Amino acid sequence: MVGEAIRKYGFWTMDFLRGRQLSSQYNDIKAIMENNELGEKKAREYLNNLLDHAVNTTKHYERFKGYKDLYDFPVLTKKDIKNEYEDFFSNKYRIDELVKVSTSGSYGTPLIFYLTKEKRSRQTAEALYFSKWSNYDIGMKYGYFRGLRTKSKIKSKIQNEYFVFSRIMNEEWKRSTRKLLKEKKIKILIDFPTAISEIAQYCHEQGDTPEDFSVVGVITSSEPLLENQRKIIETTFGCQCLSRYSTEELGVLANECPKCKKHHINTASFKVEVLSLDSDKPAKEGEVGRIVVTDLFSYAMPLIRYETGDLGVLGKGCSCDLEGPILEHLEGRETEMVYSTNGNKISPLFIEDIMCDFPGVFQYQFIQYGKKDYTLKVVNKKGAEFDADKAVNYIKFWMGADANVKIEFVDNIERLKSGKLPYVINYYNPQS
């Protein structure tokens, strides 16, 4: 407890010395989310400022000078950004003063985005605000279930983070993770629901009860949280498990409510639309639609009516005290676990790391057809090189040297009948 208090004090002291940028962002988000009238007023102000900035400082948006409202701007896809990449940069910033982030998203389209330092602070403030809903506070010990370490060990130590490598989930992984949670008295579990539910199931099978752990909250993201996953997580650790809808390039778009389990949209930072699957008109009430986002703080590379590749159903309200819009359901981002040739479960996000090395790829989809049979579908930019042997070797590194890997070049990757466009599909069931 003393260590947590020192970390919290040190964190906010550093923010104070840096001009209270983070605390100002945090307070702004809190005020907007918890006061609907104020929130609507400030959101309009933020939107108008962003649109004016975009048409006056970027080559892509200068054609929209004289716009009347947001809906004069067309829906934007990652493919559009790739085709005119340099035209999206604002001339108000130098690239060396921006923060670089990479993403693939539900469309499986790897892309590099650049953020201002203010936008990065906004993302941190969003995470802190919504994490409070899961009982997290600065300085608390947390387990970060990811497939790739993004922080140095020193930074993780300072932040009280315990990184849990979650690409391969075999028996040794289960034993060591269970031991870590108990011995280090981890209080918060964050990220992959597949990994967290897997360790929860294992601990439950070992006869563990909530009293054997110190966990007070679970935050899942990156994958859809299934109800059976939520049930085993909450049963094993004795606390709420809440889903967060976020992306690297945007931030926290919505967070599940502790009371109604619906996702409150982060209106403090984003204007979110849900559009029809086959047109750019608003989806009907109760209808699954494409989630389209205007990032109110995307000044380095303005993202106006940006299609995330995710699907959802827009809702009307919640039984809690917050009045803003909600997402009744998140229907997209349907990733699935895959299996290596020796039967180990592999997180589907392993393919993201691989495809970052192929910048000419517009879209991709990884499919497991059988125990050792895999196909990577690739939509490659015209004229761009693609080293198929390199891709095969990468995949075999994860799936096994005896994997049968096929690379298939296609013009387009079709949606499923549901309208989803998953970048990983598994047709193989090891139990069948």
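## What covers helix α3

The buried residues of α3 are covered by elements that include α2 (21-34), α5 (117-131) and β11 (289-295). Contact here means heavy atoms within 4.5 Å, and buried means under 20% relative accessible area, with exposed over 50% and partly exposed in between (1.4 Å probe, protein chains only). Among the buried residues of α3 are Gly-39, Ala-43, Tyr-46, Leu-47, Leu-50 and Leu-51.

## About the model

This is a predicted model, in which local features need pLDDT of at least 70 and side-chain atom pairs count only at pLDDT 80 or more, while totals for chains, interfaces and linings use all residues. Residues are numbered from 1 along each chain as its sequence is written, and side-chain values use heavy atoms, leaving out hydrogens and water.

Helices (H or I, at least four residues) and strands (E, at least two) are DSSP runs, numbered from the N terminus. Helix α3 has 22 residues (36-57), so at 1.5 Å a residue it should span 32 Å; its end C-alpha atoms are 31 Å apart, which agrees. The expected span is 1.5 Å times one less than the number of residues.

At the start of α3, Asn-35 has a side-chain oxygen within 3.3 Å of the backbone nitrogen of Glu-37.

Now to β16 (residues 361-368), where eight of eight residues are buried. Strands pair if DSSP finds at least two bridges between them.

With β17 (residues 373-380), β16 pairs in the antiparallel sense over seven bridges, and a hairpin of four residues joins β16 to β17. Gln-365 stands opposite Lys-377 in β17. With β19 (residues 424-426), β16 pairs in the parallel sense over three bridges, and Gln-368 stands opposite Asn-426 in β19.

Methods
Polar contact = N/O pair within 3.5 Å; in protein donor to acceptor, adjacent residues only side chain to side chain.
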